[in-house]
Amino acid sequence: MRLYIIRHGNVTYRRGVPLASVPPEERSLLPDPGLTELGRRQAALLGEHISRGIVPEEHTQPLPHDRLVFAIARIFCSPMRRAMQTAQPIAAALGLRPEIWVDLHELHGIVHDEGDGRGTRGFPGLSRAEVEENFPEFVIPPDFADDGWWNRPPETEAEYVPRLERVAQDLRTMAMNSDEHIAIVSHGTASNYILHGLLGNKEYEKVYFNHAHTGMSNLIVEENETTVRYQNSVEHLPADMITG
């Protein structure tokens with residue numbers, strides 16, 4: 001299986017801001033921010049980059065080992081707003097419907113610290129109705145909660161490490177059953193853990209696989225072997241648009 005790991009686009013976090021100090025319609029953006037205008041442009045450029053390298057259906061020769069050749073058949077996405085907004089132009093360029101995979105979310109979940117001494121708290125995240133309204137092209141999993149997919153306290157290390165190890169194992173299981181090319185749109189630290197899982201390395205504190213905003217890594221995942229073809233490619237971005 002050919003796997004593309006993509007980090008979301010540029011985003012601005014507003015930590016320490018009380019919910020009561022922002023308009024009600026913007027409060028959900030504090031724990032679950034969306035892309036900046038720069039982030040939207042980064043995602044659009046990645047979609048354009050991929051669309052230029054799509055393999056024609058009539059292509060019959062073996063694919064060259066060239067990063068500009070894409071044959072992505074499925075795209076999975078974290079349920080966080082910034083990841084879904086990143087996936088939209090990429091999926092549109094590929095003619096695909098993005099599929100929400102909840103376990104691709106960033107460490108800790110939908111959380112925010114208002115700076116009032118109560119510490120970091122959990123918040124709902126997007127509800128099913130909000131996804132249907134704002135992201136109608138996305139495939140929503142059956143167990144996606146109606147009142148918000150998170151709705152729990154901040155995730156602990158004892159929870160996020162096995163979750164992301166499970167993602168890596170699920171990807172390897174996919175590789176055993178399919179030769180498809182798939183893409184996942186996730187987050188910086190989550191992608192680091194997923195890469196560690198695919199490479200069989202648990203030295204999380206010693207090695208960090210960085211991804212810039214919309215940076216893309218490409219791996220060949222097989223039952224007993226993972227080959228990294230490239231990591232954190234940002235060739236779709238001009239130098240002044242590389243962030244993160």
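**Close-up views of a predicted model**

**View A. V11 is buried, at a relative accessibility of 9%.** Here buried denotes under 20% relative accessible area, exposed over 50%, and partly exposed the range in between, as computed with a 1.4 Å probe on protein chains only. The structure is a predicted model, in which local features require pLDDT of at least 70 and side-chain atom pairs count only at pLDDT 80 or more, while totals for chains, interfaces and linings use all residues. Residue numbers start from 1 along each chain as its sequence is written, and side-chain values rest on heavy atoms, with hydrogens and water left out. V11 occupies the loop between β1 and α1; helices (H or I, at least four residues) and strands (E, at least two) are DSSP runs numbered from the N terminus. Although V11 and T36 are 25 residues apart along the chain, their C-alpha atoms are separated by 5.2 Å. When neighbours within four places in sequence are set aside, V11 is in contact with P33, G34, T36, R82 and H213, contact being defined as heavy atoms within 4.5 Å.

**View B. Helices α1 and α2 pack at an angle of about 25°.** Their axes lie 8 Å apart; axes are lines fitted to C-alpha atoms, for helices over the stretch in contact, and angles run from 0 to 180 degrees between N-to-C directions. The angle makes α1 roughly parallel to α2, since angles under 35 degrees count as roughly parallel, over 145 as roughly antiparallel, 65 to 115 as roughly perpendicular and the rest as oblique. The crossing of α1 with α2 is right-handed: a crossing is right-handed if the near helix is turned clockwise from the far one by less than a right angle, and left-handed if anticlockwise. From α1, the residues R40, A43, A44, L46, G47, I50 and S51 meet Q85, T86, P89, I90, A93 and L94 of α2. The contact of α1 with α2 comprises eight nonpolar, four polar and one charged residues, where Ala, Val, Leu, Ile, Met, Phe, Trp, Tyr, Cys and Pro count as nonpolar, Asp, Glu, Lys and Arg as charged, and the others, Gly among them, as polar.

**View C. The largest nonpolar core contains 34 residues.** Such a core is a set of buried Ala, Val, Leu, Ile, Met, Phe, Trp, Tyr and Cys residues joined through side-chain atoms within 4.5 Å. M84, V131 and M216 touch the most other members. At least two residues of this core are supplied by each of β1 (2–7), α1 (37–52), β2 (72–77), α2 (81–94) and β6 (181–186), and α2 provides the largest share, six residues. Beyond residues up to four places away in sequence, M84 touches C77, S78, P79, I100, L126, V131, F135 and F138. Another core, of 25 residues, lies apart from the largest one and includes L107, V167, I184 and Y204.

**View D. P79 is located in the loop between β2 and α2.** P79 is buried, because its relative accessibility is 0%. P79 and I100 are 21 residues apart in sequence, yet the C-alpha to C-alpha separation is 5.9 Å. Not counting residues up to four places away in sequence, P79 touches M84, I100, W101, V102, H105, L126, F144 and W149.

**View E. E155 sits in the loop between α3 (128–134) and α4 (157–177).** E155 is a buried residue, with a relative accessible area of 5%. Apart from neighbours within four places in sequence, the contacts of E155 are H105, E106, L107, H108, G109, W150, Y160 and R163.

**View F. Helix α4 packs against α5 (residues 188–199) at an angle of about 55°.** The axes of α4 and α5 are 8 Å apart. This geometry makes α4 oblique to α5, and the crossing of α4 and α5 is right-handed. By class, the contact of α4 with α5 has 10 nonpolar residues, one polar and one charged.

**View G. T214 and N232 carry positive phi values.** Most residues other than glycine have a negative phi. T214, which is not a glycine, has phi of about 65°. T214 lies in the loop between α5 and β7 (216–221) and is buried at 0% relative accessible area. N232, also a residue other than glycine, has phi near 60°. N232 belongs to strand β8 (residues 226–233) and is partly exposed, at 21% relative accessibility. G215, in the loop between α5 and β7, is buried at 0% relative accessibility. Neighbours within four places in sequence aside, G215 is in contact with I5, I6, R7, N232, S233 and V234.
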